[in-house]
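Please open the structure in a viewer and keep the selection tool at hand.

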2 protein chains.
Amino acid sequence: MELEFKITGIFRTSADPGPAREAILTLLKDARSTILSKGAPEGKGARITSVDVDTNGIAINITSDRYVRAHDAILRLRKPLAGLLGKEHRIGIRGIDITQYLVTIPSEQPLGELKIPYVNSMEYTQGALVLSLDVGLSEIEKRIPDRIISLIEDKVTASSYGGKGEHWDLLWSSGKKAHQFNKDPTPELVKLGWIKRGASRGQWIHGPQSTAIFRAFEHIVIEEIIKPLGYREMIFPKLVTWDVWKRSGHAKGVYPEIYYVCPPKTRDPEFWEEVADYYKVTLEVPIDKIASKIDKPIGGLCYAQCPPFWPFLQGETLPDDGFPLLVFDRSGTSHRYESGGIHGMERVDEFHRIELVFMGTQEQVLAHSEDMQKKYMHIFNDILDMEWRMAWVTPWFMAQEGLTGLADKGSVGTIDYEAIMPYKDEWLEFQNLSVNGDKYPKGFNVKSQSNQELWSGCSGIGLERWASAFYAQKGPDPDNWPDAFNKIVGELPEGIRFL
Amino acid sequence: MELEFKITGIFRTSADPGPAREAILTLLKDARSTILSKGAPEGKGARITSVDVDTNGIAINITSDRYVRAHDAILRLRKPLAGLLGKEHRIGIRGIDITQYLVTIPSEQPLGELKIPYVNSMEYTQGALVLSLDVGLSEIEKRIPDRIISLIEDKVTASSYGGKGEHWDLLWSSGKKAHQFNKDPTPELVKLGWIKRGASRGQWIHGPQSTAIFRAFEHIVIEEIIKPLGYREMIFPKLVTWDVWKRSGHAKGVYPEIYYVCPPKTRDPEFWEEVADYYKVTLEVPIDKIASKIDKPIGGLCYAQCPPFWPFLQGETLPDDGFPLLVFDRSGTSHRYESGGIHGMERVDEFHRIELVFMGTQEQVLAHSEDMQKKYMHIFNDILDMEWRMAWVTPWFMAQEGLTGLADKGSVGTIDYEAIMPYKDEWLEFQNLSVNGDKYPKGFNVKSQSNQELWSGCSGIGLERWASAFYAQKGPDPDNWPDAFNKIVGELPEGIRFL
């Protein structure tokens, strides 16, 4: 069973096309071997299965495979038909009505209940899904049917892979090390007063000692990566609008984990007086009243850290000697709505990350990724002395768009860095490094002077994750920390004491 | 005309109180000079204006002034009446019904249309507002009527002051200085490529040069304030829940300027599949669908920076030698929905602030505020060489709760730091320093070992504001910057070049 398209359409004409009947039939007959197979492999393309020249127009049935899709076929016919009718018969084509469009997509199993725009129905029979599309000329021109097919094909692939498990290929491992500590570090840190839960879910307040460790990590990143590799610091925005996520691709799938942001409908104090008064009288915040006074979400809180940087480059052309371009940001928080339950510091809704972004030619980007890998290896081996490993996984942007799959090694893809958590004998992803191909320069329309294809990459250093991995292996007592790290931390600040 | 309360209530009894009639009347008659005037000045308090001993209970009318408010009076009567009826007649009091409650509040003018909970009507007659309250025993016990009166009295005060203009008293001024620059700095910085607009409103992306200046400011704060005064760094959360704003007082009035945060109703990918599919097919984000799939707001983005720190101390007792406690945060963004129109960097919706918090006894907090003032004076005079002034203004927390007024100098209050913007000859508030009295330790229930009253203060250093004031007076050319500052900045990083 193969992909199959069956469309029924009518070219509406400005007058009875009867006088042109023979010419029309000839044109459509010839089309099979010309316009309807152009660009398709031998024997492939679209076929006209019936034609009915009526007083109002020309009704037509087309069947096709994936090469010249039936809706493309109907578009291809418009111009020659209009030429024929106009030149010789002074008849115009008023439009094209699509009365039926059935698409058959092979699938080993049915998909669940789905609500997909422009899809009237979807039935599963004999190893295939049959979709009835409700589209007109405008939707065909906007390529809606093509995107529906891709979407369904992705779902079919995902369902036959049996879910969303990420791919994972080991690249390197430090090997087993002895660990000074085997407890869950979070409750230990809480006991010591280094961290306390914040008021919101998955949120921590860091006391002076925990903050000092974060700053020590930051210091390592600056001294070992930022300075030697020549990164320049920028400040990336932290409220991210739909427009940015459309260009970055996150609009394809990031919805379940976003903290959404809604502005007030107006800043007029009188509009809000009722809410303030309600609170002042009852000491309860009137959440329903507030919900009615705010706008729909304009976007959400920072999720992946680099997308809101890209509007800085959007639509620009950069000089060739400006590459590789290396910039980083450490100016604020990221937020993800994580799955329920009580987590420690290793899985949080609000976290702090140093984000590094690199861009250049393919060669420059791949070479830079190698440089970064060496730097990270030095840090995790020689300064933090961790038990860790690297794996080649589904690119983060694919995962965040709800896709699976794995790219060729050494090209586009993501390296996950994982550390063993001795207290539960599980691995924790504590940072990643990705080569994202041309995705971002393309999405944000960034060009190079010489018009060479631009690639980019990024690496997110999650401070909560570094800390979780480090404490899990070394514990919170500096006596058990590597000398190289203690030298950077210096003396820990005194914590806030309670009675 | 004075504040006046008139309540009609019925003590519902478990049996006909007729047999106790004489004793009841005697008790109520005696009450005037005892329980109904206890604690009130001579001649003041509540008066019973009528009593009706019925078969179902005791109906009563009470009139009062502000000293023993009629609703308090009725509460005061319950216990003695219950004692009398229970002991001698085995009759219980089943409850108290309030059938009418009128409160007269003097006002020079009517207030506008208001929706206040538990207020049935509000009429303006003869120099006073007459409110009819719809309250029962439970509302009285929760002190709802008292909060309604305070609210209306605040509104009356505000309306007679003619609005919400902040108070302002000059404390110190640098005097006039010559300026090297007289343009609006924002468009100049944009031209130079130092900053670009972010995708959201009032949001900027900072290039390497602008970021370097922010880091230079941060360096000054660390070297001149953090280190010499002994501040310890912490990480304060950036998503703020209602609970925090209830305790900090912001729930009283901050609504018009908040960016609200709504989590997804669930993280289940199937629940969101429809949204992702809609986007993938149409390339439009289905905002209405999303709005129906998110929860009501759980709070908002960081507004004032210190409130979400306080849960770290909440409910704790600190040792006396732990004061003054000095902590600061620079871990993320603050967000305010500012009034419309295009602003430069000087008025933004997303900004970066170093927030300093200090706590101790009243003496310690006031002394520390003096120390801070000296440090700031040194920075603005000797390093940044600015034309600036300090003014004593309505405390920020009062302003943010929608209140006006001015505290005695040298006690609770806010100092605004303002710099002249030569291009428009206006002053820009570029930071503040506040002594907040016992508000925060009380709101978050923090105690000292010796049970001395704790005070706190805070100071917000807005980097966008420092930058706006500095550039406005000095321009973006380092040749025109003070040597002391250039020494800190060092060589500016190269910007990102575009063709």
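A residue is called buried when its relative accessible area is under 20%. The model on display is a predicted one.

**First stop: a buried pair in chain A.** Select A:D329 and A:K238, both of which are buried. These two residues form a salt bridge, with the closest N and O atoms 2.8 Å apart. The pair links distant parts of the chain: A:D329 lies in strand 15 (residues 325–329) of chain A, while A:K238 lies in the loop between strand 10 (232–233) and strand 11 (239–241) of chain A, 91 residues apart.

**Second stop: another pair in chain A.** Now select A:E274 and A:K293, whose side chains meet in a salt bridge (3.5 Å, N to O). A:E274 belongs to helix 8 (residues 269–282) of chain A, and A:K293 to the loop between helix 9 (287–292) and strand 13 (299–301) of chain A. With a relative accessible area of 15%, A:E274 is buried; A:K293, at 9% relative accessibility, counts as buried as well.

Select B:K183 and B:E188, which form a salt bridge with the closest N and O atoms 3.9 Å apart. B:K183 counts as partly exposed at 42% relative accessibility, whereas B:E188 is buried at 16%.

Display helix 6 (residues 208–229) and helix 13 (residues 463–474) of chain A, which pack at an angle of about 105° with their axes 10 Å apart. Helix 6 of chain A is therefore roughly perpendicular to helix 13 of chain A. Among the residues that meet here are A:F214 and A:F217 from helix 6 and A:W466 and A:F470 from helix 13. By class, this contact has 9 nonpolar, 1 polar and 1 charged residues.

**Fifth stop: between the chains.** Colour chain A and chain B separately. How much area do chain A and chain B bury between them? The value is about 9,900 Å², 66% of it on carbon and sulfur atoms. Highlight A:I235, A:R267 and A:F312, which supply 9% of the area that chain A buries against chain B, more than any other three residues. In all, 109 residues of chain A are in contact with 108 residues of chain B.

The count of salt bridges between the two chains is 20; one to select joins the side chains of A:K115 and B:E274 (3.7 Å, N to O).

**Last stop: a loop of chain B.** Select B:S200, in the loop between strand 8 (195–197) and strand 9 (204–206) of chain B. Leaving aside its neighbours within four places in sequence, B:S200 is in contact with A:L239, A:T241 and A:I298. At 9% relative accessibility, B:S200 counts as buried.

Note on methods
Residues numbered from 1 in each chain as written. Chains lettered and ligands numbered in written order. Predicted model: local features only at pLDDT ≥ 70, side-chain atom pairs only at ≥ 80, totals over all residues. Heavy atoms only, no water. Axes fitted to C-alpha atoms, helices over the stretch in contact; angles between N-to-C directions. Helix = DSSP H or I, 4+ residues; strand = E, 2+ residues; numbered from the N terminus. Parallel < 35°, antiparallel > 145°, perpendicular 65-115°, else oblique. Contact = heavy atoms within 4.5 Å. Nonpolar A, V, L, I, M, F, W, Y, C, P; charged D, E, K, R; others polar. Buried < 20%, exposed > 50% of the residue type's maximum accessible area, 1.4 Å probe, protein only. Buried area = accessible area lost by both parts, 1.4 Å probe. Salt bridge = Lys/Arg side-chain N within 4 Å of Asp/Glu carboxyl O.
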